Amino acid sequence: MEELKLVVDYATLGILGLMSVIAFAYGFERFFYYRSIDIAEYKTKNEAEGELTKNLTSISVIGSNAPYVGLLGTVAGIMVVFYEIGQGGGMEPSQVVIGLSLALKATALGLLVAIPSMMIYSACLRKVDLLMGAWEDARA
């Protein structure tokens, strides 16, 4: 059962870690892209919007799904704790509480990935709005 605990922990942490790396990488890429862009070079609004919003869907998907990945890790961890209680014929309350608190770390990590991801997404959307406004002003 100890192996299952490790698999649940490492799988949850690995997935959340990968999600955070992707979200931050896309966020940095968008930040530097927005700093270097010449909005006047785009001929149509759709072309400009397509380039400006590239990778934003991925950031949004990560931000909205990271809490669920964390919750899944928590549920799996709690299931392992309950299984151990059933197999052992009971446990001391302190061991149960420790097991449950360790399972809850996955939810906390999911939120630690989701909150910055959604902040990055919102900041990028605001920048897209400003750049599209500049594009429209340049065409008027």
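How many aromatic pairs does the count come to by the ring-centre rule? The count comes to two aromatic pairs, where rings of Phe, Tyr and Trp (its six-membered ring) pair if their centres lie within 6.5 Å. The views below show a predicted model, in which local features need pLDDT of at least 70, side-chain atom pairs count only at pLDDT 80 or more, and totals for chains, interfaces and linings use all residues. Residues are numbered from 1 along each chain as its sequence is written, and side-chain values use heavy atoms, with hydrogens and water left out.

**View A. The aromatic pair of Phe 31 and Phe 32.** The two rings are edge-to-face, at 5.1 Å centre to centre and 75° between the planes; planes under 30 degrees apart count as stacked, over 60 as edge-to-face and the rest as tilted. Phe 31 has a relative accessible area of 43% and is therefore partly exposed (buried means under 20%, exposed over 50%, partly exposed in between, with a 1.4 Å probe and protein chains only).

View B. Helices are DSSP runs (H or I, at least four residues), numbered from the N terminus. Arg 30 counts as buried because its relative accessibility is 1%. Its side chain is joined to that of Glu 29 by a polar contact of 2.8 Å (a pair of N or O atoms within 3.5 Å; within protein, one must be able to donate a hydrogen and the other to accept it, and residues adjacent in sequence count only if both atoms are side-chain atoms). Leaving aside neighbours within four places in sequence, Arg 30 is in contact (heavy atoms within 4.5 Å) with Glu 51, Leu 52, Thr 53, Lys 54, Asn 55, Leu 56 and Cys 124.

**View C. Met 79 in helix α3.** With a relative accessibility of 56%, Met 79 counts as exposed. Met 79 and Ala 103 are separated by 24 residues in sequence and by 9.3 Å in space, C-alpha to C-alpha.

**View D. Gly 90 in the loop between α3 (56-88) and α4 (93-139).** Gly 90 counts as partly exposed because its relative accessibility is 38%. From Gly 90 to Met 19 the separation is 71 residues in sequence and 37 Å in space, C-alpha to C-alpha.

**View E. Met 1 in the segment before α1 (2-36).** The relative accessible area of Met 1 is 33%, so this residue is partly exposed.

Terms used: Helices (H or I, at least four residues) and strands (E, at least two) are DSSP runs, numbered from the N terminus.
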